[in-house]
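Subject: Structure handover

Dear colleague,

Please find the structure below. My notes on it come after.

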Amino acid sequence: MQQLINFFIRKRHFLLFCVLVLLGLFFTFQSRSYHSGKYLSAANGISGTLFSWTSGISDYLNLKTQNELLQIENSQLREAVGNVNSIFQSQASQSTLWGGVDYIPARVINNNYSRTKNYLTIKGGEKLGIQTSMGVVSPNGILGITDKTSSGYATVLSILNTQSSINAKLTKSNHFGTLQWDTRDPNIVQLVDVQRLAPLAIGDSIVTGGRSTIFPAGIPIGAIESYELDQSGNYYVVQIKLFNDMTNLGPAYVIKMPDAAEIQELEETIPDEE
Amino acid sequence: MLVLNNVALFGYIVPFLYVIYILRFPVTGNRSVLLISSFLLGLFVDIFSNTGGVHAVASVTMAYSRPLFLKTSFGISYEYNVVKIIEMPLGGIITYVLGAVFVHHFILFSLEVFSLSQWALVLKSTLFSALFSSLLILISFILFGSKKR
């Protein structure tokens, strides 16, 4: 017994080290499983408040560029309003299939783009109706999908995250693919699994596919920069230059699809045969 | 930390300056206190960067292996020779900082990427970020240490 106690006293630093490392690994793996580990995230109150404070300063410094972006958005919206009548007359647009999509305004207050798993923090949470798994867009294009939410803030799984995979398609031909990121460049993402029959041209634009309950169809993503066949030779890997500058973000909108809950509920009733 | 998250603007190199605390902890200080405080420090950084516990694990490992680097850099009897790390010869300080920062960054990036197929990315990030962090840490050592000399 005496020896055992002596052993523990002699090795106390090593034991403490082991306990702390195990605790750290526990936190790491907990945060890795999607949508869990709620209490240790940037969505909590303390870090959220600090982030909004620091972003207050950086917002001020960015006012000029953000104003320009807003002006561009305004002009686009005016254009859209002008076009609405003709759209109604010609054919039902794809987004009307969803029975109107709500855009909840939010603001990016913290932005990562240099890691392999990047997250954004936005100001705007459950109080405004923001929940997990909602799409987030900026005036220029998509940003990501909401991950964890608190009453006033939410974290967003950025498209610059190796865990992100978003359905997207070519504007011209409706060929679908999956949007991923290879961590090399914060302005270039990859569209994989595009059929080799798809007609590709450098400069073609890519939009969201609308095959999910997160993004409606037709939200701009980026333009084709280059493309090549993958190893199997059956699918293209397309390099896409994002319309968004992911290193300079400000205003954002969270997309609330009114029928999302209903569709998910319906899909869950399908037996999983895999 | 809030400032340094944005330093990654120059390419992909992310410096982590908070490890200065572990490097400059008094040589004769209580080792348990160092281990626990570096764990909490790492966890604090994790909370802000959504990384679970990778900074905590890396910091604790670095704190635990610190005597090894002290020994190789300043000699076996470092506990009697070293009063303040800053006042040691520059060669020793450089070995000490480089060694410890490499261990920290390697564990950090391996856990963050966590995939064997991406080993090249881990090594690349570790190498460049560790060199850059070490450089910044050494500069801060010189800046904040000169007064006491």
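Predicted model: local features only at pLDDT ≥ 70, side-chain atom pairs only at ≥ 80, totals over all residues.

Residues are numbered from 1 along each chain as its sequence is written, chains are lettered from A and ligands numbered from 1 in the order in which they are written, and side-chain values use heavy atoms, with hydrogens and water left out.

Chain A

Chain A has five helices and twelve strands; helices (H or I, at least four residues) and strands (E, at least two) are DSSP runs numbered from the N terminus. Of its 274 residues, 43% count as buried, where buried is under 20% relative accessible area, exposed over 50% and partly exposed in between (1.4 Å probe, protein chains only). Chain A exposes about 15100 Å², and carbon and sulfur atoms supply 56% of that area (Shrake-Rupley method, 1.4 Å probe; for residues, only the protein chains shown count as cover). Among contacts in chain A with a separation of 6 or more, 62% are between residues 24 or more positions apart; a contact means heavy atoms within 4.5 Å.

Six strands of chain A close into an antiparallel barrel in the order 1-2-5-4-3-12, two strands being paired if DSSP finds at least two bridges between them. Within chain A, strand 3 (residues 135–137) and strand 4 (residues 142–149) pair in the antiparallel sense over three bridges. A:Gly135 stands opposite A:Ile145 in strand 4.

Individual residues in chain A

A:Thr208 is in strand 9 (residues 205–208) and counts as buried because its relative accessibility is 1%. A polar atom of its side chain lies 2.8 Å from the backbone oxygen of A:Pro216. Neighbours within four places in sequence aside, the contacts of A:Thr208 include A:Ile142, A:Asn167, A:Phe215 and A:Ile221.

Two residues other than glycine have positive phi values. A:Asn174, with phi of about 65 degrees, lies in the loop between strand 6 (166–170) and strand 7 (176–180). Its relative accessibility is 45%, so A:Asn174 counts as partly exposed. For A:Asp193, phi is near 60 degrees; A:Asp193 lies in strand 8 (residues 188–195) and, at 44% relative accessibility, counts as partly exposed.

Chain B

Chain B has seven helices and zero strands. Buried residues make up 54% of its 149 residues. Its accessible surface comes to about 7100 Å², with 73% belonging to carbon and sulfur atoms. Of the contacts in chain B between residues at least 6 apart in sequence, 67% join residues at least 24 apart.

Nonpolar cores

A nonpolar core here is a set of buried Ala, Val, Leu, Ile, Met, Phe, Trp, Tyr and Cys residues joined through side-chain atoms within 4.5 Å. The largest one has 47 residues, and B:Leu23, B:Phe74, B:Tyr96, B:Val97, B:Ile137 and B:Phe141 have the most contacts inside it. Two or more residues each come from helix 2 (12–32) of chain A and, in chain B, from helix 1 (20–24), helix 2 (31–49), helix 3 (54–64), helix 4 (66–74), helix 6 (90–113) and helix 7 (119–145). Helix 6 of chain B gives the largest share, ten residues. Another core, of 45 residues, lies apart from this one and has A:Ile104, A:Leu179, A:Trp181 and A:Ile240 among its members.

Leaving aside neighbours within four places in sequence, B:Ile137 is in contact with residues including B:Phe16, B:Ile20, B:Leu23, B:Val97 and B:Val101.

Regards

Definitions and conventions:
Polar contact = N/O pair within 3.5 Å; in protein donor to acceptor, adjacent residues only side chain to side chain.
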